[in-house]
Amino acid sequence: MKKALILILLLGIILFSTLSAFAAETITVWAMGAEAKKIGAMVEKFEKAYPGLKVKVQAIPWSSAHDKLITAIAGGTVPDVAQMGTTWMAEFGSIGVFEDVSNYLKNSKVIKEDDFFEGSLNTNIVDGKLYGIPWYVDTRVLFYRTDLLAEVGYDHPPRTWEELEDVARKLAADGGYGLALSTNNYQEFMPFVWQNGGRILDENGEVAVTEPAFVEALEFYVKLFKEGLAPIDAQGTNLFQEFAAGRMPMYFSGPWMVNLTHEQVPEIDGKWSVALMPEKKSRTSFIGGCNLVIFKDSKHKEAAWKFIEFMTEAQNQVEWFKISGCLPANKWAWEDTYFNNLEMMQVFGEQLKDAKAPINIPQWAQIESFIQRRVQEACYGEKTPKEAAEALARDIEGVL
Amino acid sequence: MKKDIKVPLLFLAPALVLMLIFMILPIFVSFYLSLTDFNVFALVDWSKAKFIGLENYRKLLNDELFWKALKNTLYFVAIGVPCAIIFSLSFAILLNRPDIIGRNLFRVGFYLPHITTTVAIAVVWKWVLNPRYGILNWALSLFGITGPSWLGDPRWAMPAIIMLVVWKGLGYNIIIFLAGLQNIPEHLYEAAQIDGANRWQQLFHITIPLLRPTTFFVTVMTLIGYLQLFAEPYMLTDGGPLNSTLSIVLYMYRQGFKFFNLGYASAIAYVLFGIIFVATLIQMKFRDEEIQY
């Protein structure tokens, strides 16, 4: 009698567990850094909306994410969905481990192609295939001290390159600098090239960094250092302190700096603001962020796609912003009334309409290091801008 | 003897197997890699890596950045190693004197940086070296010297790195030197004192000659370690500004794990291995016979 009871109980447990396993399809999601900690709230909502689906989130620190992906790819233990930095798309995309999602997107009733910022969507396209959907974005804008600019007669942020130079010169007159700028960060340098109509490769894939538009941009960039408007040796300085002290009253950076500035130097709250990039031919900025991809080896592609749809749909993107502070990649999310009250965020939303990502090719990591090396050589005066551009062209040709 | 070897081997087997898999094998594999063009495309499909013979090594000879990295590393070693030896020897001699107040406190103090992670040290040193608010430039200003922008100036970035590395390694070398100093028999000093030798004469005619084996050991280890400079420039400057702190290992890391040119990176590793090997051989040659007390 006792035995039979145990047997029935055991059978029941087995039956129940197998049944529930059938009932709920589980997808594995790899999320990185701070996002992994915060994604739980979204997952809860997703599981409520799709009762048949379960999501298992695996947190991966950014520092080991690249290695982990490589190992997973080599060992065939990839997740169903992963968060992917925009600059990694080309590297992994070109080795063919992602699922092409263009058909999913075409048939989707939730999201469509032009829901997303063009620059952001473009980071997903490798070799003409769509390998992911933008999850969140970031872009660089001008941070400036409203009070100090007013003192030199500017009641508005510099709108053009000429104004930028002019106001920087006036701000630097007191012995400080006009703005902080990096000699070794392509994300700060490339917008100047794009604003001037320059590019890295032309439409035929030929290196185009010796075109006048590129060289002029580099000349302007170098001039800011040469004339002491920007500090050549900003490395090792503390930007928050310098910004608060007014020695570097302008700089270009991303949305993360808004909260950090409030936290680090609350004493200048209300004395600074953000503005669109200064204009030359355009006011293009840099776009970064993260995409969501499905792996080709996934056995739950339909469910994985549902998850991506859910995460990138406008209303949920607003929710995600509230949770994480990550800027929505979905344009419609910005129309939400929530954003109307966030003045600074509106600037980022506006800037995203004119923001670009660098070319999506697997050799990008090398090209990036070449750009940084040559720009730096020009800034320090080791080479003229023209020589630096020519050297850069040779570098890039060497790896294409 | 011969029949006895089986049992010890059995006990050693786990360690030997692990060493074979994780140390010996990779040495050969990476040498083979250095003869291929293994890059990002070969990661998924290994058959895409082609055998290209010595092409990587030929390319290295024409690689301007590699030469720069080599030059930087040699500059670092040429200044860093003598500094490390002189400072740690001096401090060891001082700490060996029984009449120093707070001797143990100093010993601990000097050893602490050695066991602190480089990441933490780098954060602190970034503050120390800050051109405007840093404690180093503040100290210099007391003497009327305007300190440079240590990490932002291509001329001063490497000296700053040398300063940090020498300081960090001091404790370890001091311990070795202390052990060496305590091995020198006391009666030699007594005899010298009776003969009327002053402290300096004792130092140059007893301490330093008798410390030779220790000095040799410290020099070899420091040299090998310094030729592999990586963490400090990686944390503090990422090789900049103007690649003035780019070391060979940092360059190898970039090629290997940032660009995934694993073939090329392996070639760099083997060139570095050659350099260290030759440097150690030369030192062995200059080494005197074992000293007998």
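**Charges and model basis**

Chain B carries 22 positive and 16 negative side chains, with the centres of the two sets 6 Å apart. In this count Lys and Arg are positive and Asp and Glu negative, while His and the chain ends are not counted; each charge is placed at NZ of Lys, CZ of Arg, CG of Asp or CD of Glu. The model is predicted: local features need pLDDT of at least 70 and side-chain atom pairs count only at pLDDT 80 or more, whereas totals for chains, interfaces and linings use all residues. Residues are numbered from 1 along each chain as its sequence is written, chains are lettered from A and ligands numbered from 1 in the order in which they are written, and side-chain values use heavy atoms, with hydrogens and water left out.

**Chain B**

- Chain B contains 13 helices and zero strands, where helices (H or I, at least four residues) and strands (E, at least two) are DSSP runs numbered from the N terminus.
- The C-alpha atoms of chain B occupy a box of roughly 75 × 70 × 30 Å along the principal axes.
- Of the 293 residues in chain B, 42% are buried; buried means under 20% relative accessible area, exposed over 50%, and partly exposed in between (1.4 Å probe, protein chains only).
- Among contacts in chain B with a separation of 6 or more, 65% involve residues 24 or more positions apart, a contact being heavy atoms within 4.5 Å.
- Chain B has an accessible surface of about 17200 Å², and carbon and sulfur atoms account for 71% of this surface; the areas come from the Shrake-Rupley method with a 1.4 Å probe, and for residues only the protein chains shown count as cover.

**Chain A**

- Chain A comprises 19 helices and twelve strands.
- The principal-axis box around the C-alpha atoms of chain A is roughly 95 × 50 × 35 Å.
- Buried residues form 56% of the 400 residues in chain A.
- For contacts in chain A between residues at least 6 apart in sequence, 75% join residues at least 24 apart.
- The accessible surface of chain A is about 17500 Å², with 53% belonging to carbon and sulfur atoms.
- Chain A holds 39 positive and 54 negative charges, whose mean positions are 6 Å apart.

**Interface between the chains**

- In total, 26 residues of chain A contact 25 residues of chain B.
- About 2300 Å² is buried between chain A and chain B, 59% of it from carbon and sulfur atoms; this is the accessible area (1.4 Å probe) that two parts lose on being put together, summed over both.
- One salt bridge is counted between chain A and chain B, a salt bridge being a side-chain nitrogen of Lys or Arg within 4 Å of a carboxyl oxygen of Asp or Glu.
- B:E64 pairs with A:R373 in a salt bridge whose closest N and O atoms are 3.1 Å apart.

**Salt bridges within chain A**

- Over all chains, the structure holds 25 salt bridges.
- A:E165 and A:K223 form a salt bridge at 3.1 Å, N to O; A:E165 lies in helix α9 (residues 161–172) and A:K223 in helix α11 (residues 212–226), 58 residues apart.
- A:E165 is buried at 14% relative accessibility, whereas A:K223 is partly exposed at 29%.
- A:E227 and A:R169 form a salt bridge with the closest N and O atoms 2.7 Å apart; A:E227 lies in the loop between α11 and α12 (239–245) and A:R169 in helix α9, so the pair ties together parts 58 residues apart in sequence.
- A:R199 and A:E203 meet in a salt bridge at 2.9 Å, N to O.
- Salt bridges with shared partners join A:R373, A:R374, A:E377, A:K383, A:D395 and B:E64 into one network.
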